[in-house]
Amino acid sequence: MHEAPPPTPAPAPPSSAVPAEPLSHGLKQRHLTMLGLGGVIGAGLFVGSGAGIAVAGPAIVVSYLIAGALAMLVMRMLGEMSAAMPASGSFSVHAERALGRWAGFSVGWLYWFLLVVVLAVEATAAAQIAHGWVPGVEPWAWVLLFMVVFTAANLTAVKNFGEFEFWFAALKVGAIVVFLVLGVLAVLGWLPDTDPVGMANLTGQGGFLPNGWGGVVSGVLTVVFAFGGLEVVTIAAAETDDPARAVGRAVRSAVVRILFFYVGSMLVIVTVLPWTAQQAGLSPYVKVLDAIGVPSAGQIMNIVVFVALLSALNANLYGSSRMIFSLAERGEAPRGLLKVSGGGSRVTAGGDTAGAADGDTADGDTADGDAADGDAAETAGGAGGVPRRAVLASVAFGFVSVLLNLLWPDTVFLYMLNSVGAVLLFVWALIAASQLRLRARLEQEAPEALSLRMWWFPYLTWVTLAGLFGVLVLMLTDAAARPQVLWSAGATALVLLVAVGRQWRERREQRSGPAVTDR
């Protein structure tokens, strides 16, 4: 067992002079900008939006405006904190500084658990699409291939992750732009064999609000989780040359454009076709492309969805590895995960030096000559600064999730999926609460660090918290969503109990004397 954690300190004062990360700085501004744009464009938009249209009708546009506004406010708050205090643990580090170690521990582990569970959903869904193209290869083999490829990419230089995400995002953004152009041309009747559509589909079949405002609310519950993934941008910012500047530019460029892509797409869909033509589980994009005569629309969208799933898989693997690495840095996860490729070391929360080079021990022992030589070669090859053990730990739990999804999709894995169903909202709420505390402290102690500011602080922060609370309450009133809230609340309570127990133990050890090892 590892050494007992140090006594719980008071929340650290915010400062722009944060400790240097031992991770690589191989990500460029273009990587971060495209990650900000493409990180939240996934299968939830391309396929899941059909369920929202089915319950809200044309008013799904309003549902996306509301959900998108919540997500963009959270992204702005997160961008403010990350620009002032960049860290690989992002909002987990901010929560610890603002609210205490219990908050950083809880939100970090909850988010890590969310990513490794959702990772299984994405890998399995991508495998099903690939199996349809190549029936001779079983889905489990595709899952294994995807996991191996992206594990290898994440074990090497971080720039490989950046390049994968850059081109994945470019394809997704390009697909939406082409769709919007074709849709507008179809609405205007400028495509071959098409007539102007006008406003008939927005006002017919029951009107713009066929199911009333209740339909809009149901639509919000359906689409709000499609915006998950925006958090990875601020995690990745710590691995750029100028994190504060990079995250500021990425957040500013992403906010309006993401809303444009989401809301614009929905407006085109419900204008070109009657909302009654959409079905849950079927891509509304395919239906529109079929309607305007695009050949092989289904296969084209399958390719786009496939890329979106692989992009999310890659991003979640990256985000989960950096989150658990950050937890280990602060003494909230096993210290053996602190090892990174290349030379260097890391001082942990307990003040001990953790070996960073392959061949070093987690306790900071000096690496032998062979290991040092190997690390020098790795660094020369551009693969330094990668938390390989953290990557492998996340992959291992990801594989467990995949196996549970393949073996018991309707029992064990369903319970796991429900236990993270509302965790994203809990994470966003803690981000808002952290920003409330840190903004006031930053304005007093380091106002020059606030290069990116939350709009209309603190009013919009409180509005965001109220909105997130409202979504949770509405989920409790919905029979389909209620199990997700209850299971997620149970998982959150368990993590909080562990966090409180750790603090109680640390305080008891502090009163009784210096911590001793179990070895």
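**Notebook: a helix and its neighbours**

I began with helix α5, whose buried residues pack against α4 (60-84), α6 (101-133), α11 (232-236), α14 (297-329) and α18 (423-445). Contact here means heavy atoms within 4.5 Å, and helices (H or I, at least four residues) are DSSP runs numbered from the N terminus. The model is predicted, so I keep in mind that local features need pLDDT of at least 70 and side-chain atom pairs count only at pLDDT 80 or more, while totals for chains, interfaces and linings use all residues. Residues are numbered from 1 along each chain as its sequence is written, and side-chain values use heavy atoms, with hydrogens and water left out.

How much of α5 is covered? I find eight of the nine residues in α5 (residues 91-99) buried; buried means under 20% relative accessible area, exposed over 50%, and partly exposed in between (1.4 Å probe, protein chains only). The buried residues are F91, S92, V93, H94, A95, E96, R97 and A98. Next comes G100, with a positive phi near 120 degrees.

**Helix pair**

I then looked at α8 and α14. Their axes come within 10 Å and cross at roughly 145 degrees (axes are lines fitted to C-alpha atoms, for helices over the stretch in contact, and angles run from 0 to 180 degrees between N-to-C directions). On the α8 side I noted contact residues including F161, F164, F168 and K172, and on the α14 side V304, L310, N314 and R322 are among them. The contact residues divide into twelve nonpolar, two polar and three charged; Ala, Val, Leu, Ile, Met, Phe, Trp, Tyr, Cys and Pro count as nonpolar, Asp, Glu, Lys and Arg as charged, and the others, Gly among them, as polar.

**Rings**

My search of the whole structure gave 19 aromatic pairs. Rings of Phe, Tyr and Trp (its six-membered ring) pair if their centres lie within 6.5 Å; planes under 30 degrees apart count as stacked, over 60 as edge-to-face and the rest as tilted. Why is the pair of F179 and Y285 tilted? The planes stand at 50 degrees, with the centres 4.6 Å apart, so the pair is tilted. F179 sits in α8 (residues 158-188) and Y285 in α13 (residues 284-291), 106 residues apart. F179 is buried at 4% relative accessible area, and Y285 is buried at 1%. Ring pairs also link F105, W109, W112 and F397 into a cluster.

**Loop between α18 and α19**

Here I found W456, with a positive phi near 45 degrees. W456 is exposed, at 70% relative accessible area. P458 is in this loop too, and the peptide bond from F457 to P458 is cis, with omega near 0 degrees.

Methods
Helix = DSSP H or I, 4+ residues; strand = E, 2+ residues; numbered from the N terminus.
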